[in-house]
Amino acid sequence: MTNNINTKLTSVTCTGTHITGKKLKVALTGNWLLDIGFTIGSSIKVVPKTEGMDFVLVDDDSSVTKEEKLIHVIQISYKERGSFPAVMTSGNFINSCGLSFGDTCVVKYSYGKIQIRKVDLAKFGFSDNEATRICSFNIAVLEYGEMQTRLSEKWLSSYGFENEAVILATADGGSITFELKDKEIEPYEELVKMVRVKKLTLIQVRSGGKGNPYIAIHNRLLTKSGFTINDIFAVKSTYGNIKLCKLDVSDMF
């Protein structure tokens, strides 16, 4: 599978707090836009694609077809976070790109160009009730000289993965599985012994920012599973069990 180092996730939202009567919106923000040439005020041609769109940097006097749009990079400000460049488009144009409210999209970016495509899990072989969500590793932490990442999501607690919960992690090519362990039924000392014998990984769920639980995923698990930072994956989840399935999104572009 390819390395998805230049990919992110976004979703189709709306311009207000309610769907009814509001416009669909696709918005990208952050200083990473500056790194690929999308400076504030730059002109962008928005080109509709099948279940997606492309943002392409163009000259200020560039023309567009009736199917395309011409927009500009703007600056938005947050009270606590500061100001950032942003690329936004909204309205019926998004419908014409085959996108709907709530769609999760992969964002692939390079200098001067951003491509957005809807993720259809059926095309990856998942049924409607198999994969509940799509996520990405976007946190990189250097600990003891090794790179690790975190699965940090509010929904973890809904499946029993609360702060200080003990979980068993296993990995193979393209997937990582977390299994919740009951310390009262399976004493911690016995779990540690089993992990050492079978060369498995035992992890304790921690509490991160705003009290949200997170699972630290160390370099050995990442290497064994083939995951890297910014990889896109589908999540299969039942109470006490979470499986991350890596998606190769290269064929989407």
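User: Lys 181 first: is it buried or exposed?
Analyst: Lys 181 counts as buried because its relative accessibility is 13%. Buried here means under 20% relative accessible area, exposed means over 50%, and partly exposed is in between, using a 1.4 Å probe and protein chains only.

User: What does Lys 181 form a salt bridge with?
Analyst: Its partner is Glu 179, with the closest N and O atoms 3.3 Å apart. A salt bridge is a side-chain nitrogen of Lys or Arg within 4 Å of a carboxyl oxygen of Asp or Glu. Glu 179 counts as partly exposed, because its relative accessibility is 33%.

User: Before I go on, what kind of model is this?
Analyst: It's a predicted model: local features need pLDDT of at least 70, side-chain atom pairs count only at pLDDT 80 or more, and totals for chains, interfaces and linings use all residues. Residues are numbered from 1 along each chain as its sequence is written, and side-chain values use heavy atoms, with hydrogens and water left out.

User: Okay. How many salt bridges does the structure hold?
Analyst: Five. One of them joins the side chains of Asp 54 and Arg 117, at 2.9 Å from N to O. That pair links distant parts of the chain, 63 residues apart: Asp 54 sits in strand β5 (residues 52–58) and Arg 117 in strand β10 (residues 113–118). Both Asp 54 and Arg 117 are buried.

User: And which residue does Lys 246 meet in a salt bridge?
Analyst: Asp 231, at 3.3 Å from N to O. Lys 246 is in strand β20 (residues 241–246), while Asp 231 is in the loop between α4 (219–225) and β19 (232–238); they are 15 residues apart and link distant parts of the chain. Lys 246 counts as buried because its relative accessibility is 10%, and Asp 231 counts as buried at 0%.

User: You keep mentioning strands. How many helices and strands are there?
Analyst: The chain has four helices and 20 strands. Helices (H or I, at least four residues) and strands (E, at least two) are DSSP runs, numbered from the N terminus.

User: How many bridges join β5 to β10?
Analyst: Five, and the two strands run antiparallel. Across that pair, Val 56 stands opposite Lys 113 in β10.

User: Where's β20, then?
Analyst: β20 is in an open sheet of six strands, also paired antiparallel, with the order β11-β19-β20-β15-β14-β16. Its edge strands are β11 (133–136) and β16 (201–204), each pairing on one side only. β11 pairs with β19 over four bridges, in the antiparallel sense, and Cys 135 stands opposite Phe 233 in β19.

User: What about Ile 176, where is it?
Analyst: Ile 176 is in strand β15 (residues 175–181), and Ile 176 counts as buried because its relative accessible area is 0%. Leaving aside neighbours within four places in sequence, its contacts include Ile 217, Leu 221, Phe 227 and Ile 242. Ile 176 and Ile 242 are 66 residues apart along the chain, with their C-alpha atoms separated by 8.3 Å.

User: Last one: how much of the chain is buried?
Analyst: Buried residues make up 42% of the 253 residues. Of the contacts with a separation of 6 or more, 66% come from residues 24 or more positions apart.

Key: Pairing = 2+ DSSP bridges. Contact = heavy atoms within 4.5 Å.
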